[in-house]
Amino acid sequence: MTGKGARGPIARLAGDDGLPTARNCGGHRSGHAEGSRGVNPPGPVRAARRLTKRAFRQREQAFLAEGPQAVAEALSYGAKVSDLFVTAAARSRHSELVTAAEGAGVPVHLVSGEVMEDLAQTITPQGLLAICGFVDVPLAQVVSELKGASRAPGGERENRVARSAPALVALLANVRDPGNAGTVLRTADAAGAQAVVFADASVDPYNGKCVRASAGSLFHLPVVAGARLEEAVVAMRQAGLRIVAADGRAGRPLDDPDVQARLSEPTAWMFGNEAWGLPPDLVALADEPVAVPIYGNAESLNLAAAAAVCLYASARAQRVHSVTGQAGT
């Protein structure tokens, strides 16, 4: 989160619904409020609009977080928020959140509903959208934290990994659907996982739909973006985790007693593509392939649903074991 600063006036950005054009506001840093230039959007809006494209997100190392939940989590968990866009209606509904952003020195821009629809790229935008700096961390940092060895300069511990239970990590291999990826990230957070790794062939975690589907969890736990899956597997083993592949073709189901007996161990679950799952060469990287059993007549489970079953099975087993010393069956 940006440092504390004086609260400045809200810059108004022009839209077709008649809101005033933007004016330079002395209370903000220069360049954050510009006049309307014909049909071209003002500077801050133009900068935000570019971030709907992955190439610009990578270049600027910034992305868009839409909705009060995402904005609140970004501010609360220390993300670098550089600009906040808000409609008049949303400013009224979420006045405390807007005030908090202003109090943190974040330039706040009032925009029309039309501009918000363009930036949010949703049918019914929630009226709040922030530009945030990238939050992903290097794979090596996650490994170091999983080993409990990460320390910040000056000796202060800077470890985002919670160790109340054995380590639990989600590895996304070739997961292309941003909604699924964001939901897995949210589920991993809810299950108490310590990290989520988006392997290099998976969707960009800063894709707008992925960010929305994560419901703020993108800001809660370490996320690795673009690591090679083979390197991630090696790194997880170095940190003491078993690699378990969620594979619908596996002969051994999740409810097998032998599988259940090992779920309490530190585990990295590997999840594959929505359509074809994990190919044999990736399954071969795992210590064990496990299938989520289908008891009814459904052909299969959605990726996000299968990931929830697997991650919660491990989370429950780990917590039962930490209390009783027995396998969490």
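Asp118 is partly exposed in this predicted model, with a relative accessible area of 33%, and its side chain meets that of Arg49 in a salt bridge in which N and O are 2.3 Å apart. Because Arg49 belongs to helix α1 (residues 43-50) and Asp118 to helix α6 (residues 113-120), the pair ties together parts that are 69 residues apart in sequence. Arg49 likewise counts as partly exposed, at 30% relative accessibility. Side chains of opposite charge can pair in this way when their charged atoms come close, and the structure holds 13 salt bridges.

A further salt bridge joins Arg262 and Glu288, whose closest N and O atoms are 2.7 Å apart. This pair also links distant parts of the chain, since Arg262 lies in helix α11 (residues 257-262) and Glu288 in strand β11 (residues 288-290), 26 residues apart. Arg262 is partly exposed at 24% relative accessibility, whereas Glu288 is buried, with a relative accessible area of 9%. Both residues take part in a network of salt bridges that also links Arg242, Arg252 and Glu265.

In helix α10 (residues 229-238), the buried residues are Leu229, Ala232, Val233, Ala235 and Met236. They lie on the same side of α10, because they cover an arc of only 165° around the axis. An α-helix has 3.6 residues a turn, so residues three or four places apart point the same way. Glu231 is partly exposed at 44% relative accessibility, and its side chain forms a salt bridge with that of Arg228 (3.6 Å, N to O). After α10 comes Gly240, which has a positive phi near 90°.

Methods. Residues are numbered from 1 along each chain as its sequence is written. This is a predicted model: local features need pLDDT of at least 70, side-chain atom pairs count only at pLDDT 80 or more; totals for chains, interfaces and linings use all residues. Side-chain values use heavy atoms; hydrogens and water are left out. Buried means under 20% relative accessible area, exposed over 50%, partly exposed in between (1.4 Å probe, protein chains only). Helices (H or I, at least four residues) and strands (E, at least two) are DSSP runs, numbered from the N terminus. The arc is that of the directions from the helix axis to the C-beta atoms. A salt bridge is a side-chain nitrogen of Lys or Arg within 4 Å of a carboxyl oxygen of Asp or Glu.
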